[in-house]
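User: I would like to learn how to read the features of a model. Please take me through this one.

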Amino acid sequence: MSEVFATTGTIAAIATAVVPQQGSVGIVRVSGSQAMALAQTLFHAPGRQVWESHQILYGYIRHPQTQQLVDEALLLIMKAPRSYTREDVVEFHCHGGIMAVQQVLQLCLENGARLAQPGEFTLRAFLNGRLDLTQAEGIADLVGARSPQAAQTALAGLQGKLAHPIRQLRANCLDILAEIEARIDFEEDLPPLDDKLIISEIEKIAAEIIRLLATKDKGELLRTGLKVAIVGRPNVGKSSLLNAWSQSDRAIVTDLPGTTRDVVESQLVVGGIPVQVLDTAGIRETTDQVEKIGVERSRRAANAADLVLLTIDASAGWTEGDREIYEQVQHRPLILVINKIDLVEEGESKNIQSQIVRLSEVEVPNLKSKIITAAAQNQGIDTLEAAILEIVKSGKVQAADMDLAINQRQAAALTQAKISLEQVQATIAQQLPLDFWTIDLRGAIQALGEITGEEVTESVLDKIFSKFCIGK
């Protein structure tokens, strides 16, 4: 392994989030051949408690030289191979906060352990055969999940629901390779190779790869979330829309235009999908230097958003200012939000809606949906969420099995496997010798093996596990 992951010796790290003056429990995790000896050096268990695997002991952590009491704690023992890393693992369950866990960690480092690298516990679990790479990545996704659906997808990966079809595809490729190589080595002793059957098997494998690749967009959506920017002229109700949607008072709402001077962010979950909502400053020409900065930030937020909610004032209808803002965001997917409908007479409301319908058919060709809201009255939020989910579902992100979603690394490997199989098919069509068939077939096998870790390089491991937190 590289210097980033020198997976030898006994390692220690804080395994829980440390928040000053908060949290009831803090855990220091130790893994390696000296874990038990270190625990026996630091931990005093009164009475006749038995130091056996998968037992929890109660006692005190003391400095081994001065015998100064450091903390009253619990000790969890997990002996190899029945542990997360398949090494001896002990965990000191200390009082929460900063001081106790920091002092215990320091004692571990002073008595033979070294500080774990990011992701090193999980790396050891992989290297010791407890996890494959898809399961390791599932753990990282579970820790970082921002919605229940994202957590369920991560759990599916952790349970091997991605690894199983990948291994089956690789096994099928290996079977085909064995058939071809057998004809190369023992051509006179075996019947001729059935080219049509080989092509049929390769097509089946490629079709399954394409099915798995279709889950990439959904996986990215679940992991990173959907970025939605609320844009519009000043005082059209953007901040009221954010507050009604998030059920909070994140944004200041007044009758004065230009109240919002900067981008205000709120994190929501819509239909199991994490959504980052950005309430932007009203876009208009202004001489106020502070507001001008806010307007420029609003433009940047809109250009970086996955979806733009172009909000207009129903009582004013479609104005020249609305048109100018539309021209700045027209390259992004749009939902037209007709807000403040509660301030419009019923008959006038229908006229405004008719006007906007005609407008959207002519001037706003990329409009995905149009909805009517009265944000100040908490009306129309359900319709807005339904419109957003409909846009999501209209793309590829919902086309595949919701229990499965590949990440960018896995998609790249699958794409390489698909290209290799296409090259095999081209080689067969050109009636080249069997030796040429095996070259790209081995490329597909290697690419599929990189996904689960059956064939993997140090650089790939470094890239994957360096993204983990220390202690996991």
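User: Which residue in S4 is the bridge partner of Phe 43?

Analyst: This is a predicted model, where local features need pLDDT of at least 70, side-chain atom pairs count only at pLDDT 80 or more, and totals for chains, interfaces and linings use all residues. Residues are numbered from 1 along each chain as its sequence is written, and side-chain values use heavy atoms, with hydrogens and water left out. Strands (E, at least two residues) and helices (H or I, at least four) are DSSP runs, numbered from the N terminus. Two strands pair if DSSP finds at least two bridges between them. Here Ile 61 in S4 is the bridge partner of Phe 43. S3 and S4 (residues 55-62) are antiparallel, with two bridges.

User: In what order do the strands of that open sheet run?

Analyst: The order is S3-S4-S5-S6-S2-S1-S7, seven strands with mixed pairing. S3 (43-44) and S7 (114-115) are the edges; each has a single partner strand, so one side of each lacks a neighbour in the sheet.

User: Which strands does helix H3 touch?

Analyst: Contact means heavy atoms within 4.5 Å. Axes are lines fitted to C-alpha atoms, for helices over the stretch in contact, and angles run from 0 to 180 degrees between N-to-C directions. H3 (residues 120-127) packs on the sheet and touches S1 (11-14), S2 (25-31) and S7. The directions of H3 and S1 make about 135 degrees.

User: How do I read the two faces of a strand, and which residues of S10 point each way?

Analyst: In a regular strand, side chains alternate between the two faces of the sheet. In S10, Ile 273, Val 275, Val 277 and Asp 279 point one way. Pro 274, Gln 276 and Leu 278 point the other way. All are buried, that is, under 20% relative accessible area with a 1.4 Å probe and protein chains only; exposed is over 50%, and partly exposed is in between.

User: Which strands pair with S10?

Analyst: S8 (residues 226-232) runs parallel to S10, with five bridges. Val 228 has Val 277 in S10 as its bridge partner. S9 (residues 264-270) pairs with S10 in the antiparallel sense over seven bridges. Val 269 stands opposite Pro 274. The S9 and S10 hairpin has two residues between the strands, and Gly 271 there takes a positive phi near 60 degrees.

User: Why is helix H9 described as largely enclosed?

Analyst: Nine of the nine residues of H9 (residues 238-246) are buried, so the rest of the structure largely encloses this helix. Among them are Lys 238, Leu 241 and Trp 245. Gln 247 follows H9 and has a positive phi, near 55 degrees.
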